[in-house]
Amino acid sequence: NNSINVQHFEVNNDIGLPISVNFLYGKKGLLLSFTNELVEYDDYVLSIRGLQGETGIFLPDEDFSFEYEEDVIAPKIISTKVLNKNSIRIYFSETMRETEVVNLSNYNLVLPAIDNDNALSYIESGVDEDGFFSEISFVNELKYTNQNYFLRINDVYDLAGNKISNSSNKCSFT
């Protein structure tokens with residue numbers, strides 16, 4: 001799947017090519033980020049050229065008209081992945097502001113009884129084929145247990161300044 005190649009996308013009105021393209025929603029959506037800001041025009045056109053699906057089939061080249069709409073949707077956690085015994089990744093619905101998403105004090109961890117002396121060590125953020133994530137490392141290795149680890153994230157914001165939704169700021173993992 002070559003859909004995260006910026007060369008496939010272009011927006012008119014001096015917006016140009018995106019600076020990044022990231023997968024969202026389990027590779028069912030894309031987030032395009034641009035250097036130039038969109039402003040309130042009525043005649044934006046997104047041109048998509050040369051996209052090829054995972055099966056090798058080329059999609060037809062197409063232009064899509066759209067209007068500027070301010071981002072007012074709260075970000076949310078979309079998935080959690082245990083990487084190894086010391087770290088997990090939490091994927092968000094959109095790119096988050098770096099300063100808050102890596103701040104340990106914005107994360108509340110509830111540990112299973114068998115691992116009640118563990119804690120968060122540090123947090124890094126990044127982007128991969130599944131989208132924007134925070135990678136969380138723990139002081140000690142996670143323990144094998146039939147109880148979940150729970151994590152709540154507070155006071156983190158997307159790039160438009162929308163605070164993470166209280167209904168979508170929690171995750172669990174084992």
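## A first look

Of the 174 residues in this protein, 36% count as buried. The model you are viewing is a predicted one. Computed along the principal axes, its C-alpha atoms fill a box of roughly 55 × 35 × 25 Å.

## How the chain is built

The protein has 12 strands and one helix. If you follow the chain from the N terminus, the order of elements is β-β-β-β-β-β-β-α-β-β-β-β-β. Take the contacts between residues at least 6 apart in sequence: 53% of these join residues at least 24 apart.

## Surface and charge

The accessible surface of the protein is about 10,200 Å², and 48% of that belongs to carbon and sulfur atoms. There are 12 positive and 27 negative charges, and their mean positions lie 12 Å apart.

One spot to look for is a patch of negative charge on the surface, where Glu 40, Asp 42, Asp 43, Glu 67, Glu 69 and Glu 70 gather. Among them, Glu 67 sits in the loop between strand S5 (62-66) and strand S6 (77-84). Glu 67 has a relative accessible area of 54%, so this residue is exposed.

## A closer look at Glu 62

Now turn to Glu 62, which belongs to strand S5. Because its relative accessibility is 39%, Glu 62 counts as partly exposed.

Setting aside neighbours within four places in sequence, Glu 62 is in contact with Leu 46, Ser 47, Ile 48 and Arg 49. Val 45 is 17 residues away from Glu 62 along the chain, and the C-alpha atoms of these two residues are separated by 10.0 Å.

Key: Residues numbered from 1 in each chain as written. Predicted model: local features only at pLDDT ≥ 70, side-chain atom pairs only at ≥ 80, totals over all residues. Heavy atoms only, no water. Patch = residues over 30% accessible without salt bridge, like charges linked within 9 Å, V, L, I, M, F, W, Y side chains within 5 Å. Areas by Shrake-Rupley, 256 points an atom, 1.4 Å probe, with all protein chains shown as cover. Salt bridge = Lys/Arg side-chain N within 4 Å of Asp/Glu carboxyl O. Lys, Arg positive; Asp, Glu negative; His and termini not counted. Charge placed at Lys NZ, Arg CZ, Asp CG, Glu CD. Helix = DSSP H or I, 4+ residues; strand = E, 2+ residues; numbered from the N terminus. Buried < 20%, exposed > 50% of the residue type's maximum accessible area, 1.4 Å probe, protein only. Contact = heavy atoms within 4.5 Å.
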